[in-house]
Amino acid sequence: MNLVVMAAGMGSRFGGLKQLTPIGPNGEFLIDYSIYDARKAGVNKVIFVIKKEMEEEFRKTIGKRIEKCIKVCYVYQELEDTPIKVEQKRSKPWGTGQALLASRNQVDAPFMVINADDFYGRDAFMKLGSFLKEIKPAKKNHYAMVAYLLKNTLSDNGSVSRGVCELKNGFLKKVTECRKIERQGNKIISYEDEVQELAEDTLVSLNLFGFTKEIFNEATKYFKEFLLQEENLETKEFYLPSIVQKTIDEGNSDMKVLSTTSSFHGMTYKEDMEKLKEYIKGLIKEGIYPEKLWEENNEK
């Protein structure tokens, strides 16, 4: 299995390059813990989707630590990497859908996709890994995602974006990108376009998906459509959940929704970091993670 880590975002709200912010007791990043868990679930290759100017920093930090334990590749998410030529004046890449496509030439097995700046938990990776190990070729592509309860994914320090999920018989029917979600009093409110209240137990996607390589053909097709049909291409983004929605709507794929006992933790804001550090410290104390994550004797 492969793991695709979407790590090209610079973290403007966080105030720095949050992907390379130490969280663990020995300088480990959040990505370290995700990769450690993914490896336990059967992943043997990691593909980092980064900006080209980040590669040196990645190699001398996270890459140096993990490359002795797992195969590591780097691919670039670049503005010009589009399936058709587009006249536009953008200053940044096209979003998580394009980040997925950036990995297309390195993925060589069923694979997981994650954000670099989120903590998903061991059980989530184990559930997704079990699903991917059992995939067999079929007329319809079979994919999966891990969903979390909205109430467990909020930040105390500002609004967040989440993919709100609607299910039918355990499969994803619809995912809607909801932005500017936060708790206000005893309610959870989304207020980007219009104010709406969301239930505490709403299931949401945090970009923890399991795919086969067939997703790249679909994503390329939908990216072309996006570039031809969308207006305001200077600011519009091509989101990974949009790819998922389109392939479901067209009947090309189904998306199994997996539940998890894992706790999700994000690092959207700098203030989230201290709480996350304490949480990791507690997991180390419980024996879930070793204090020195990548020591050789921990990987045998």
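The legends below walk through several close-up views of this predicted model.

Residues are numbered from 1 along each chain as its sequence is written. Local features need pLDDT of at least 70 and side-chain atom pairs count only at pLDDT 80 or more, while totals for chains, interfaces and linings use all residues; side-chain values use heavy atoms, leaving out hydrogens and water.

**View 1. Strand β2 and its covered faces.** Buried means under 20% relative accessible area, exposed over 50%, and partly exposed in between, with a 1.4 Å probe and protein chains only. In a regular strand, side chains alternate between the two faces of the sheet. On one side of β2 you will find K45, I47 and V49, and on the other V46, F48 and I50, all buried.

**View 2. The partners of β2.** Strand β1 (residues 2-6) runs parallel to β2 and is joined to it by 5 bridges; two strands pair if DSSP finds at least two bridges between them. Look for N2 opposite K45. β2 also pairs in the parallel sense with strand β3 (residues 71-76), over 6 bridges, and there F48 has Y74 as its bridge partner.

**View 3. L3 in the largest nonpolar core.** A nonpolar core is a set of buried Ala, Val, Leu, Ile, Met, Phe, Trp, Tyr and Cys residues joined through side-chain atoms within 4.5 Å. The largest one has 61 residues, and L3, F48 and F58 touch the most other members. Helix α1 (residues 30-40) gives the largest share of this core, 6 residues. Beyond its neighbours within four places in sequence, L3 has contacts (heavy atoms within 4.5 Å) that include I35, V46, M112 and F125.

View 4. Most residues other than glycine have a negative phi. K180, in strand β8 (residues 171-184), has a positive phi near 55°. K180 counts as partly exposed because its relative accessibility is 41%. N207, in strand β11 (residues 203-211), has a positive phi near 60°. At 11% relative accessibility, N207 counts as buried.

**View 5. K139 in a loop.** Find K139 in the loop between α4 (122-133) and β6 (141-149). Its relative accessibility is 91%, so K139 counts as exposed. K139 and K173 lie 34 residues apart in sequence and 19 Å apart in space, C-alpha to C-alpha.

Notes. Helices (H or I, at least four residues) and strands (E, at least two) are DSSP runs, numbered from the N terminus.
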